[in-house]
Each structure stands twice: as C-alpha cells, then as structure tokens.
Amino acid sequence: MYCYDIVGSFLRPAELKQARADFENGKINKDELRKIEDKCIKELVEKEKKLNLPFITDGEFRREYWHLDFLAGIGGVKKVTSKEWSVKFKDSSPKANTIIINDKICFNKNHPFLQDFKFLASLIEAKNAKMTIPSPSMLHLIPCVRAQNYTPIEIYKDNDEIYKDIAQTYIDFMNEFYKLGCRHLQLDDTSWGEFCDKEKRKSYAKRGINLDTIQEKYVWVINEMIKAKPKDLILSMHICRGNFRSTWFSSGGYESVAEVLFGKCNIDMFFLEYDNDRSGGFEPLKFIKNQKVVLGLITTKFPELEDKDLVKKRIFEAAKFIPLNQLLLSTQCGFSSTEEGNNLSIDEQWAKINLVKEIALEVWK
C-alpha cells in the first residue's frame with residue numbers, strides 16, 4: 001500500500017511552451033510538435049521515476065486544457081468557441097472555449113488520448129502509468145447545466161438517455177485504457193466543487209435547475225463504471241474548485257454533498273482539496289465508507305512550502321473521522337490544469353512533490 005500520490009498535471013517546460021506557440025503560428029507542423037512533446041514527456045517521466053512516485057503521468061503535456069481536449073474527442077461532442085468561459089475565476093479566465101453535444105454520445109476508438117497513453121506506457125511499466133481524464137460529470141455539466149441556453153437534441157429530450165450514453169461511453173474508454181495497461185484511471189471533476197458553493201447553488205436554483213437530482217445522476221454514472229470495472233483497476237476521482245494561473249472559482253466545504261457523494265458513490269478513491277479554508281473542515285469525511293481518501297493538504301497555487309508539523313497535525317485531525325489507513329497525502333490539485341500553469345517555478349513544483357513524499361513517509365511509517 002502506498003501513502004502518497006500526485007494529481008497529474010505538471011508545469012510545461014519553456015521548450016514545450018515555445019513549441020506550442022510555434023505550432024499555433026504555423027512555424028512547425030504537428031509531427032514536429034509531437035517530437036518535442038515526446039522529448040519533454042520522457043524527461044518528465046525520468047524525474048517522476050527518480051522520486052519513486054507510485055503512479056506516473058505524462059504531465060498532461062499534450063493538452064491545452066485538462067478537460068476540453070478529452071471531451072471534444074468523444075463521439076457526438078464538439079469543441080466550439082465561446083464569448084466567455086463557462087465559469088468565473090476569481091482574477092482571470094482561460095481562453096473561452098466550450099463543448100456542445102450535437103449527436104449521440106459514444107466511444108471513439110480513434111481518440112488521441114489512447115495513443116497518448118500508449119506512449120506513456122512505453123516508457124515505464126504500464127501498470128504504473130496513471131491516466132487522468134475529466135469525469136463523466138463534466139460531459140454533462142458544461143453543455144447541459146452551465147450553459148444558459150441549452151436545448152437538448154432530439155435523442156436526449158428524455159434526460160435519462162443522456163446519462164445512460166455517458167455511462168456506457170466512459171465504461172468503453174475505461175476498458176480500452178485498461179487493455180493498454182492502465183491500472184489507475186483518475187476522473188477529474190469540478191462539478192462537486194461547484195455544488196459545494198452556496199452562491200452557485202442559489203444561482204442554479206434560480207434557473208430552475210435541481211442540483212439534488214443531478215447529483216444523484218452523476219453518482220449513478222460513476223457507480224455504473226464501478227460495476228463494470230476490472231478488479232485490479234483503481235478508479236479515482238479528484239474534486240477541484242478551479243485551478244487556473246493559481247486562481248479558483250468555487251468555495252465551500254463538503255457538507256452539502258457529503259451524504260450523496262461520500263455515502264453513495266462507490267469510487268475506489270477520492271482526491272479531496274483541503275489546502276485552505278475554502279474547503280471547509282474534515283467532519284464530512286464521516287460519510288466515507290471504505291473508499292480511500294487522498295488529502296490535498298499541500299497547495300499548488302503558491303510556491304511557499306507548508307509547515308510539516310502543521311500538515312501532520314491536519315492529517316491526524318482528519319483521522320478522527322476516517323481511519324488513518326484509509327488516508328493518503330497529495331497536493332490539492334495539479335500544477336498546470338491548462339497549458340499556462342500556476343504561479344510557481346518548476347523547481348518550486350518539485351519541492352512541493354518532495355514535501356508530500358517526506359511527510360507521508362513520516363506519518364505512515
């Protein structure tokens with residue numbers, strides 16, 4: 001059993017950022033960009049291996065966004081430009097793009113993320129390669145809930161049909177990643193972070209959106225995945241309140257979602273943000289059953305290192321509500337949810353990862 005983990009995204013090196021800019025400006029082609037991506041991913045993987053991380057990612061180095069790149073490659077889904085971002089970050093916002101559902105949602109056997117995982121798996125033992133993708137909740141939340149003018153296409157006028165197709169599509173992707181060797185599939189999710197936010201709940205209620213019903217449906221989809229999951233695959237969920245250039249868009253503790261999410265969702269492992277007061281206290285963890293909980297107590301939003309003793313104290317505070325042997329430690333989020341990255345250096349990023357490892361090994365001796 002391991003006691004620490006990573007969320008998945010890492011700061012892009014200058015060489016990769018330049019290559020992406022050159023590709024956008026037509027100075028290099030897609031193949032030339034991919035060669036540079038391959039090189040940077042190989043270098044990242046070597047650093048991860050030296051740290052003896054339990055699971056290794058490609059840093060999401062081929063992505064523009066943590067979520068839209070994957071979602072737009074699903075059958076029946078299309079990426080489109082938008083006048084503004086679908087949520088308001090505190091200080092700034094990413095480039096305004098979104099997705100729409102324009103046909104039946106289905107698995108895409110030619111999805112580029114499948115080839116991306118093959119490359120990562122070729123660098124290490126496939127079982128140690130972790131794949132991170134946006135959760136199925138995001139496929140519904142972005143075009144159907146956040147969108148102010150959503151009108152379902154004909155086949156999805158009965159809402160339950162869309163959830164069934166989303167579930168089957170994700171089951172198909174899960175099984176395909178498994179065939180390629182993946183043994184840890186992480187679902188990244190900002191929907192529950194929004195549902196923790198009282199102001200956002202009020203705003204959705206004013207629009208006539210019943211979040212209680214939607215929450216139940218999102219849990220149902222995950223549980224359908226769990227039913228179909230191979231026994232030796234870890235299916236985890238990272239719950240996020242927004243992570244762009246060290247900013248955020250949601251606040252609030254887990255109280256409003258704990259009973260339905262922690263008590264009913266049969267996911268193997270939750271990655272929970274707990275790096276500041278916006279995440280609330282540990283009391284909602286009492287609803288956790290046998291799921292593992294990865295405490296995101298080390299922030300990726302600023303470079304200053306946390307006090308080790310204080311972090312340890314918080315771990316044992318959490319252990320009042322859930323057994324210590326069900327807990328792990330990580331950063332609260334990745335370092336680069338979009339290609340721009342958070343406001344710290346690459347060296348400061350690795351110092352954070354080292355801190356996570358040091359504390360975890362001292363607590364779970």
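This is a predicted model: local features need pLDDT of at least 70, side-chain atom pairs count only at pLDDT 80 or more; totals for chains, interfaces and linings use all residues.

Reader: At what angle do the axes of helix H5 and helix H9 cross?

Author: Helices (H or I, at least four residues) are DSSP runs, numbered from the N terminus. Axes are lines fitted to C-alpha atoms over the stretch in contact, and angles run from 0 to 180 degrees between N-to-C directions. H5 covers residues 136-146 and H9 covers residues 211-228; their axes come within 9 Å and cross at roughly 150°.

Reader: How is H5 oriented relative to H9?

Author: Angles over 145 degrees count as roughly antiparallel, under 35 as roughly parallel, 65 to 115 as roughly perpendicular and the rest as oblique. The crossing angle is roughly 150°. That makes H5, relative to H9, roughly antiparallel.

Reader: Which residues of H9 meet H5?

Author: Contact means heavy atoms within 4.5 Å. On the H5 side are Pro136, Ser137, His140, Leu141 and Val145. They meet Ile214, Tyr218, Val221, Ile222 and Met225 in H9.

Reader: How many residues of that contact of H5 with H9 are nonpolar, polar and charged?

Author: Ala, Val, Leu, Ile, Met, Phe, Trp, Tyr, Cys and Pro count as nonpolar, Asp, Glu, Lys and Arg as charged, and the others, Gly among them, as polar. The contact divides into eight nonpolar, two polar and no charged.

Reader: How many disulfides does a search of the whole structure find?

Author: A disulfide here is a pair of cysteine sulfur atoms within 2.5 Å. For cysteine 196, the closest cysteine sulfur is in cysteine 240, 11 Å away and too far for a bond. For cysteine 265, the closest is in cysteine 196, at 13 Å, also too far for a bond. The search finds zero.

Reader: Is cysteine 265 buried or exposed?

Author: Buried means under 20% relative accessible area, exposed over 50%, partly exposed in between (1.4 Å probe, protein chains only). Cysteine 265 has 0% relative accessibility, so it counts as buried.

Reader: Which residues does tryptophan 350 touch, not counting residues up to four places away in sequence?

Author: Tryptophan 350 lies in helix H12, residues 346-363. It counts as buried at 11% relative accessibility. Leucine 44 is 306 residues apart from tryptophan 350 in sequence, yet 11 Å apart in space, C-alpha to C-alpha. Tryptophan 350 touches Phe10, Leu44, Lys47, Glu48 and Leu51.

Reader: What is the relative accessibility of glutamate 60?

Author: Glutamate 60 lies in the loop between H2 and H3. It is not a glycine, but its phi is positive, about 60°. Beyond neighbours within four places in sequence, its contacts include Arg12, Trp66 and Asp188. Glutamate 60 counts as buried, at 3%.

Reader: Is asparagine 52 buried or exposed?

Author: Asparagine 52 is in the loop between helix H2 (30-50) and helix H3 (68-71). Its phi is near 60°, positive in a residue other than glycine. With a relative accessible area of 55%, asparagine 52 is exposed.

Reader: What separates the C-alpha atoms of leucine 123 and lysine 42?

Author: Leucine 123 is in helix H4, residues 112-123, and counts as partly exposed at 21% relative accessibility. Leucine 123 touches Ile41, Lys42, Val45 and Lys49, not counting residues up to four places away in sequence. Leucine 123 and lysine 42 are 81 residues apart along the chain, with C-alpha atoms separated by 7.3 Å.

Terms used: Residues are numbered from 1 along each chain as its sequence is written. Side-chain values use heavy atoms; hydrogens and water are left out. Helices (H or I, at least four residues) and strands (E, at least two) are DSSP runs, numbered from the N terminus.
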